[in-house]
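Here are a few notes to go with the model, written as numbered points. Have a look at the picture first, then read on.

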Amino acid sequence: MNLGGVLKAASLGVSVARTEAKAAIARAVTNAAFAAGVGILAIFAFAFGLATFTVWLAHEIGTVPALGYIALGFLVLTIIVFIVWRVSTRDKQPPPRAESPLAAAFNEQPRRAGEEPPPGSAIGSLGVVALVGFLMARQIFRR
């Protein structure tokens, strides 16, 4: 296989990855827009329902007592939500954080001369060399 074929295959892979990333971003934006629309409509529905209930209650017992009872209902609902939130977060311990590979590399003892490197380091080095070679060849063939 010649270098041109490898570069063409790598370029094709990069373009496929770029296309997939753009599609994922477009889906996320569409989902966020629909979620915002549904949320706004739900808030409107709740507001109109609450207004209807308040008008009916004001007709039954008077305006000021009706608004007072509505405010009291929201206060009780707020207290219930607050208690549920505090109880649900009290017992949970934060999950143990996994040590990042970078931190592990800094905490690791330095290797002595003559010791074999770990098996992944050769593959990583090969990957870096391939990436640098690809970028250099792309610059050369672009001109």
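1. Phe 74 is partly exposed, with a relative accessible area of 33%, while Phe 46 is exposed at 52%. On this scale, under 20% is buried, over 50% is exposed and anything in between is partly exposed (1.4 Å probe, protein chains only).

2. A quick word on the source: this is a predicted model, where local features need pLDDT of at least 70 and side-chain atom pairs count only at pLDDT 80 or more, though totals for chains, interfaces and linings use all residues. Residues are numbered from 1 along each chain as its sequence is written, and side-chain values use heavy atoms, leaving out hydrogens and water.

3. How many aromatic pairs are there? The count is 3, taking rings of Phe, Tyr and Trp (its six-membered ring) with centres within 6.5 Å; planes under 30 degrees apart are stacked, over 60 edge-to-face, the rest tilted. Phe 46 and Phe 74 make an edge-to-face pair, with 6.1 Å between centres and 75° between planes. Their pair joins distant parts of the chain, 28 residues apart: Phe 46 sits in helix α1 (residues 3–61) and Phe 74 in helix α2 (residues 63–90). Helices here are DSSP runs (H or I, at least four residues), numbered from the N terminus.

4. Now for Thr 54, also found in helix α1. Is Thr 54 buried or exposed? Thr 54 counts as buried because its relative accessibility is 15%. Leaving aside residues up to four places away in sequence, Thr 54 touches Ala 66, Leu 67 and Ile 70 (contact means heavy atoms within 4.5 Å).

Terms used:
Helix = DSSP H or I, 4+ residues; strand = E, 2+ residues; numbered from the N terminus.
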